[in-house]
Amino acid sequence: MVSRTIPVDTFDLILFGATGDLAARKILPSLYRRFLAGQMPEDARVIGAARSELDDEGFREIVRDALGEFVSPSKRDGDTIEKFLAQCSYIPIDAKEEAGWDALKERIRDDAIKAFYFSVGPSIFGPLAERLRSHGIAGPKCRLVVEKPFGTDLETARKLNDNLAESFDEAQIYRIDHFLGKETVQNLMAVRFANVLFEPLWNERYIDHVQITVSETVGVTGRGSYYDRSGAMRDMVQNHLMQLLCLTAMEPPNRYDADMLRDEKLKVIRALDPVSKEDVVRGQYKASGEQPSYVQDAENPDSRTESFVALKVGISNWRWKHVPFYLRTGKRMSRRLSEIVIQFKETSHSIFERDGLSKANSLTIRLQPDEGMDLSVTIKEPGPGGMRLVNVPLDMTFADALGPDGEEIPDAYERLIMDVIRGNQTLFMRGDEVEAAWAWTDPIIEEWEARGDRPASYSQGTSGPEEALALMHRDNRRWRDLEEE
Ligand code: NAP
């Protein structure tokens, strides 16, 4: 693979929430890796901000620790780390107070791109945006990056959008969904729209159904009280799974352009059918040996929040009528996996009936682990003995197929942060898209809340509750086995 790292223009990235978990786990390591790759200019600066009373050295210690923990040893180079740290500084600021803002204004450069990264809880987005404006810091060269969750329902999302719109134009706002930064997600668009092979088949005539799975092996330990107010539907479906569904289902935009692409995704969300209660399964994991149950993790014995949800979703348009999209996501499942499976229909007639049936083709788009795609095709088993048919995958694991020896594919955050600096909003959610996603999600949640249903329980280390299997069995279909390669 030819590595093409094009340096970006110089920037000041002001990281609110610089002492937090996300900054340590993702943002600071991603900036360092871009620095190491030669993409971050030597005069670009990272200015941390949070309430903690730290000086520049104190913050650099935090950054050093974060790089020690979250950057792989092969990429930790002492000299490079020190050079990177020299570009990092810190200003104590409480988003809700007036102190510190003038110092920040003085520190940032007029002629550099300014990216304000809100890696803080959503209740702080409004106060931060307001103070950036009132202290004259938000100018036309400013960009704003906001983390999920973007609201908890349509009303709160609208309020957040309105708050941000008071100080920033939509063209300055970058709402992160890190799934969109994954190599595979962009490859899904490349496969669909840069090849003649797939697009003619990408419709209700040839596709039987689509499955989207995001399964995790972790539970909610440590963030149980936050999660308990959210649940799988709000935490995963409204954003990540919805984005994957949109990219799979959307029409080709006229150009690979941020607004054209987001227009097409929005059309998909608006074409989603309402979901009836028979088409939703919610689950909660049970205790298993030493492992606590969901309600123990959430410290809420009466919790009715779902740690798993599966849905059958219809899209009312010409391309997708009668093609169900099955979505599922859950915690404490048997495997950590994110994938989209396009299940094609059977051939209309088999000429090999005496020799074993051919299996319908499927295209699997893997986001993790091992980002890549595979296409299952039926071939003849090699050797004598007649036409024995077998199904084999044509595997394209990106790291194997394209990457230089052993090189890791850049983390989604690396790409997304550099896109912010370049002013490319293609892989970020637009305000109307987020609101439309909530407008579809809200009635589903309201319906089960009104019924007061308890989620079905499921054993840890499985693929979720039995009821989720039944959701597909009743349509004579089955989920792809999580353990299947
Ligand atoms: P966290 O560990 O609790 O960190 C929150 C940060 O905000 C800290 O740096 C905190 O520092 C700062 N802060 C809190 N109140 C503040 C105030 N009034 N003024 C200025 N700074 C303030 O949270 P996190 O896990 O990093 O998450 C940050 C955001 O990213 C949240 O919206 C979260 O939902 C989202 N997110 C996190 C992850 C993840 O893996 N952690 C993944 C996806 C999305 P001080 O206490 O020093 O002020």
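Predicted model: local features only at pLDDT ≥ 70, side-chain atom pairs only at ≥ 80, totals over all residues.

Biologist: How are the rings of F16 and F118 arranged as an aromatic pair?

Modeller: Their centres are 5.8 Å apart, and there is 80° between the planes. Planes over 60 degrees apart count as edge-to-face. So the F16 and F118 pair is edge-to-face.

Biologist: Which parts of the chain does that pair tie together?

Modeller: F16 is buried at a relative accessible area of 3%, and F118 is buried at 0%. The two are 102 residues apart in sequence, so their pair ties together strand β1 (residues 11-16) and strand β4 (residues 113-118).

Biologist: Is the pair of F59 and Y90 stacked, tilted or edge-to-face, and which elements hold the two residues?

Modeller: F59 sits in helix α2 (residues 56-70) and Y90 in strand β3 (residues 88-92). The centres are 5.4 Å apart with 35° between the planes.

Biologist: Which ring has the charged end of R175 over it?

Modeller: Two arginines are worth a look here. R332 lies over the face of Y285, 5.7 Å from the ring centre. The charged end of R175 is 5.0 Å from the centre of its ring, which belongs to F150.

Biologist: How many charged residues are in the lining of the second largest pocket?

Modeller: This pocket has a volume of about 520 Å³, and 24 residues line it, with K359 and R478 among the closest to its centre. By class, the lining has six nonpolar and eight polar residues, and the charged ones number ten.

How values were computed. Residues numbered from 1 in each chain as written. Heavy atoms only, no water. 1 Å grid on protein atoms, 1.4 Å probe; cavity = no way out; pocket = protein on both sides within 12 Å on 5 of 7 lines; lining within 4 Å. Points joined across faces, edges and corners; volume = space filled by probe spheres on them. Nonpolar A, V, L, I, M, F, W, Y, C, P; charged D, E, K, R; others polar. Phe/Tyr/Trp six-rings, centres within 6.5 Å; stacked < 30°, edge-to-face > 60°. Helix = DSSP H or I, 4+ residues; strand = E, 2+ residues; numbered from the N terminus. Buried < 20%, exposed > 50% of the residue type's maximum accessible area, 1.4 Å probe, protein only. Lys NZ or Arg CZ within 6 Å of the ring centre and 35° of its normal.
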